[in-house]
Structures are given as structure tokens and as C-alpha cells.
Amino acid sequence: MAAPGGYGGPPPQQWNAGMGPPPADFRQGQGPPRHPLAQGPPQRGPPPMQGMPQFQGYGQVGGFGQMAPMPPPPPPPPPQGKPPPMEFTDLANLDEAACKQAMIEFVNQNCCYGKKPANEMNLSKAIGLTALHYTLETFCEGRDTGYVNEPYRGGPVDGPQNGPPPPPWAIPCQPNGMFETHKKEMEVPHTATVRPCHDCDARGYHRCWRCGGWGQIHCDSCGGDGRVMRTDHEGNQRMEGCHRCGGDGRCHCHTCGGDGRITCDTCDGYRQMKCYIKLTVTYTNHNVDHIIERTDMPDELVRCAKGETIFEQVMTQVFPITSYPVVEINDNSVRLVNSHRTAFPNERQLQQRQRLRAVPVTEANYTWEDFSSRFWVYGLERKVHAPDYPQQCCWGCSIL
Ligand SMILES: [Zn+2]
Ligand SMILES: [Zn+2]
């Protein structure tokens, strides 16, 4: 005899309309209903957990449709000993001519902006203040498990007969790339079983919710009578056969195609479900940063501007920066590295990267006609932030 669920035997056959007779007591009610019995198919719940095999190491597994986190192995102790030597580079600032050139290019890229102020403005002073952007990335892995079920359409079933499943954190899985947030899913080995579909009692079909299994409903036009009253051109009324149902009083049910049964959604008509524990491995790149930017330009502009990397370190656990000449950087590196040490208790830390970037920011003061203001040139790509540039789009596109 084939193993339970038919695995090893011939592939299971999907139920189709017309296949085999329905059970004797299948039709619901006294006859085809006058109206559809329901607005739509009934909602169906998850399968019962009763009778599911238990697996060592999976006591906290989520039920059907629920993923539960698996506590990771304890983290390694913080790095010991002397931190590796940290070398920092520095970078130069822009002069007034370079600022003006950046402004002219910025205006050229914004076709609606008037070019006159950029060409004619006088720059009184340019103050260069290098902004510092410190980032800490902690790349972690979380593992969740939960029972899932799917129609069993045939093929091998890796069940408990093959041995106990490996513990959740022993299943091999590698990230596609470091510091990239993504997910991977897989079947936990040796946890699969094949069970009869709980929704349809392994029949592969349900009674049609529209016609109650009759394959027909009362005709809408004649109300099941088969005849309708008609009025001719002369105003005479007479009964005649219903055109819609052909005098039969009944219409074909379109939901089930007249069979009275519809394919079970849960098992897709295959009558059996494959149940197994699914493992979801979630790789998350947790990212925090600190910006030091001394001008009145909005600090967050520094985040997306190109800069020069003056320090970078990639390790399983980084040593916080402690020897940079700007104390605020050291303090925040220590603060952020410490905060990440305990921030993700349900995850295993795979790798950390810290980076310190210097982003040039130059504040330029200018006058044009009787207007004076400031603008900022920032980033190695020399982006311009000029919120009160005198001739912007709102002045109309006719300005040359
Ligand atoms: Zn029907
Ligand atoms: Zn089913």
C-alpha cells in the first residue's frame, strides 16, 4: 500500500466538475433557491493543529498562517583588546569663484530659473565648513517559523520518517549580499506531512453557495413560474412562456456551471494538503547616523550628498571611533555602537560597518541689485541649496 497521502504512488488527481456523483444528501433545501443563497463563498479558517507532529527545537513554532521568531543563539561578547589603528583623511573647501560657478550650473539645470542673478551676483564671502556624516550599519539575521499548508499536487514529501529536523538556526542559509535588506523562505527539512483537506473533507469540492447544490436557481424573470404576463400593442394582456428560462422556471447556475459543486479553494481540488514548517530568514540592515553641519543649511541635505570617506571599518562588531579630533563624533559613535549592541534581541548580528564621511559645505553670501542673501554649495558633486534665489519658477517661465 502507498504511504499515507499517496506519496510514492500515482500523482493525485484534481477534482473537476462532473467528476463522480455528489453524496446522496448533497442538495440543500427543497428545491432550487429563488435567490442566491449567499453573496459569495464562505470564509474558511486555517486547518486544526490537532494531530500535527511535534518537532524537537520547534516548541515555539507559529500555528498555520502565523510566523513566530526563533530566539537566536547568544551573541558573542563585545570586541576585546585594542581597537585597530584609525587613520583619518581631510578635505579642502571651495573659494568664491568655485561657489559662483556652482550656482551658474545649478541655475542652468533649472530651466525655469532666471539666469541674470547668477551671472551678475557679487559674492561677498564664502565660508567653508566641512560637514561630517557618521553612519553605523548593523546587518542582522532573524529567523521565524510557522506552519503552512498548500495543496498536495504530488512529488516527494520530506517527512519525519527521514529523521528529526535540524534546529532553526542550524539550517544553512546565506544572504545574497551583505548590508542588503532581503528575505528568504524555505521548507524546514523533515517536517512535511500530507493530510486530508480539512475544508472539503478530502472531496475536492464544496456545495455551490449560490444554488445549494441544485445546479439551478429560480428564474429571475418569471420567478420560477415559467410564464410571464405580456401586454401587446393594443393593450391586451396575455400570459406567455418566459423567454429567459424557456418556460422551465429555472436557470442554469453560473457559479458552478450547473454541476452543483465548486472546486475547493484550499486544496485546489486535490483533496490533500501538504503541511510543513516554513522558515523565513529576514536579513535587515539597521542604519543609524549622526550629522554635524554648522551652517544654517538643513542638515539632512548632507545625508544624500557625495563626500569623501575619511574612515571606514567593517567587522563582525566594530570598535567605536574614539580618537577623531572632533569629540562629538567620538561621543556619537560610542552612543550608537552601544545602542545597537542590545537593540535587536531577536536577531543575530552578522556584520557591522561604520563610516565617517566629510561632505564639503560652503556658505556664500551674495548681493544682486538691492537684494542680498545666502546660498550653500554642498557635496563633491557641488549641489546648490538656494531657497530664496531671486528668480525661480514662480516668477513665470518668461524670464530670460
Ligand atoms: Zn451553483
Ligand atoms: Zn479541499
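How many bridges join strand 2 (residues 122–151) to strand 11 (residues 272–292)? I looked this up and found 20, with the two strands running antiparallel.

Conventions. I am working on a predicted model, where local features need pLDDT of at least 70, side-chain atom pairs count only at pLDDT 80 or more, and totals for chains, interfaces and linings use all residues. Residues are numbered from 1 along each chain as its sequence is written, while chains are lettered from A and ligands numbered from 1 in the order in which they are written. Strands are DSSP runs of E, at least two residues, numbered from the N terminus; two strands pair if DSSP finds at least two bridges between them.

Strand 11. I noted Phe 139 opposite Asn 285 in this strand. Strand 3 (residues 182–187) pairs with strand 11 in the antiparallel sense over six bridges, and His 182 stands opposite Tyr 283. Strand 4 (residues 193–196) is joined to strand 11 by four bridges, also antiparallel; here I found Arg 195 opposite Met 273.

Positive phi. I checked Phe 179, in the loop between strand 2 and strand 3: its phi is near 60°. Arg 382, in the loop between strand 14 (371–378) and strand 15 (383–385), has a phi of about 55°. Most residues other than glycine have a negative phi.

Exposure. I count C-beta atoms, placed from the backbone, within 10 Å of a residue's own: 20 or more others is buried, 12 or fewer exposed, in between partly exposed. Phe 179 is partly exposed because it has 17; Arg 382 is partly exposed because it has 19. Asn 236, in the loop between strand 7 (227–231) and strand 8 (237–241), is exposed because it has 8.
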